[in-house]
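Please read them alongside the coordinates.

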Amino acid sequence: MSSLFPKLEHPLKVLTHLRPKTKTGTIMTSVTQPVLAFNRQDDVKKFEDTKLGVKGLVDSGVTQIPSIFHHPPESLINSAPDTDPDPIPVIDLSGPTPEVVDQVRKAAGTFGFFQVVNHGVPVSLLDRLVKTVKAFHELPPEERMKHYRRDMATGVTYFSNIDLFVSKAASWRDTLQLRLGPTMADIDAIPDICRNEILEWDKEVKQLTEKLLGLFSQGLGVKADKLTEMSCSGGRVMVGHYYPYCPEPNKTVGIACHTDPGVLTVLLQDQVGGLQIKHEGNWVNVKPVHGALVINVGDLLQILSNDKYTSVEHRVYANPQHEPRVSIAVFCNPSKRDDLYGPLPEIVSPREPAHYQQFTYSEFINRFFKKELDGKSLAKYFSLENE
Ligand SMILES: COc1cc(/C=C/C(=O)SCCNC(=O)CCNC(=O)[C@H](O)C(C)(C)COP(=O)(O)OP(=O)(O)OC[C@H]2O[C@@H](n3cnc4c(N)ncnc43)[C@H](O)[C@@H]2OP(=O)(O)O)ccc1O
Ligand SMILES: O=C(O)CCC(=O)C(=O)O
Ligand SMILES: [Fe+2]
């Protein structure tokens, strides 16, 4: 440990020594000594080694966020102006199927996002899930840090920022991540405090994603079980994000602008708000609707649909409120790794030729982990228009 980070008895104390940057660019320690050399990777590692995430920073009472969280001006976020009524469609899944298919097709082709109600998942379970995932993130530090790990051996991980070591700036959130399918993570590795709710949620979300794939398939005019047959929701990864209060929300973000790589994402958000999507060049808030689930098209579904559906950029602002924000997303991906994916043959023709080449899911996901972190869709890497 460098002399700038004196050996401290409690890991939380290290956090107060992570260096904020002054306006002039001079880097000061918390005891206001000027420092000439600044190694970002050292500070990233020290933050990681606390195993307490941004929640630990907040608990330690930071009033200035460490410079590893400072985003460049172009990626900073202001709250988007509220639009009334909220333009993002709320679809009642209990409606007549042809109408629901039509609504899904339109929403997926324009916003790439919509909310669903009467989706079949008991609202009481959604409330319990948010409550218990929040309780996990608010366990005492010594309990929480026992879970902190990035390796996928058990299928359960807990960390701050999936891309902490590769991104240019870290974001103000922590995440509990679990593999739900095709095989569930080790049950014993799921934190006790939210285990029952996650297991119940897994059953419900599996049924819901199959229903949604049916609607997306019919919206393309192909047989209802086409996307399910292609195993499009066989691989399911759940994340439980925690966005604590940020003392300097104008210097960082909750989650940087990105698209989701897979087929579709089901997102449960609490009532705090913060998610924004890009629509016709403007940022639009996705307002929380109690009991609703937010659905969005991923890059792979955009490709399968030959651009009939669109994978849209979205982001979350750093939480300026003292009430922490919790969101739970399930990313659906194909479980057949070596099958070929590309625009569905049924929807391409000489009049509507394929916009994308074919590739295996393994090639696709390798591209995800290799791509520069530009926040843009993966679709461009498979586009035939580049050839
Ligand atoms: C870590 O390096 C990164 C990270 C990023 C992240 C950018 C973002 O923040 S995007 C916004 C939020 N999105 C997410 O947090 C992504 C959440 N996760 C997912 O959507 C899925 O986990 C998935 C990444 C799409 C993978 O899902 P799935 O295919 O169902 O799951 P697996 O079977 O477990 O994995 C498939 C394949 O990927 C390899 N892999 C999984 N996790 C990692 C990882 N953290 N680092 C490297 N490789 C990983 C896994 O080993 C499998 O490989 P095989 O060879 O066995 O097929 C952007 C850029 C980065 O570099
Ligand atoms: O927290 C949210 O509302 C969005 C999370 C998200 O976009 C993601 O995990 O990919
Ligand atoms: Fe996302």
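What spacing do the donors of the iron ion (ligand 3) follow along the chain?

1. The spacing is H-x1-D-x53-H. The protein donors are His-258 (NE2), Asp-260 (OD) and His-314 (NE2), at 2.1 to 2.2 Å from the iron ion (ligand 3). Donors are N, O and S atoms within 2.8 Å of the metal (3.2 Å for Na, K and Ca); water is not among the atoms, so sites may look incomplete. Both His-258 and Asp-260 are buried (under 20% relative accessible area; exposed is over 50%, partly exposed in between; 1.4 Å probe, protein chains only).

2. This is a predicted model, in which local features need pLDDT of at least 70, side-chain atom pairs count only at pLDDT 80 or more, and totals for chains, interfaces and linings use all residues. Residues are numbered from 1 along each chain as its sequence is written, chains are lettered from A and ligands numbered from 1 in the order in which they are written, and side-chain values use heavy atoms, without hydrogens and water.

3. Most peptide bonds are trans, and most residues other than glycine have a negative phi. Gly-181 and Pro-182 are joined by a cis peptide bond, with omega about 5°. Pro-182 sits in the loop between β6 (174-181) and α7 (192-219); helices (H or I, at least four residues) and strands (E, at least two) are DSSP runs, numbered from the N terminus.

4. Lys-51, not a glycine, has a positive phi of about 55°. Lys-51 is in the loop between α2 (40-50) and α3 (53-59), and is partly exposed at 35% relative accessibility.

5. Ser-231 also has a positive phi, near 65°. The loop between α8 (226-229) and β7 (235-243) holds Ser-231, which is buried at 9% relative accessibility.
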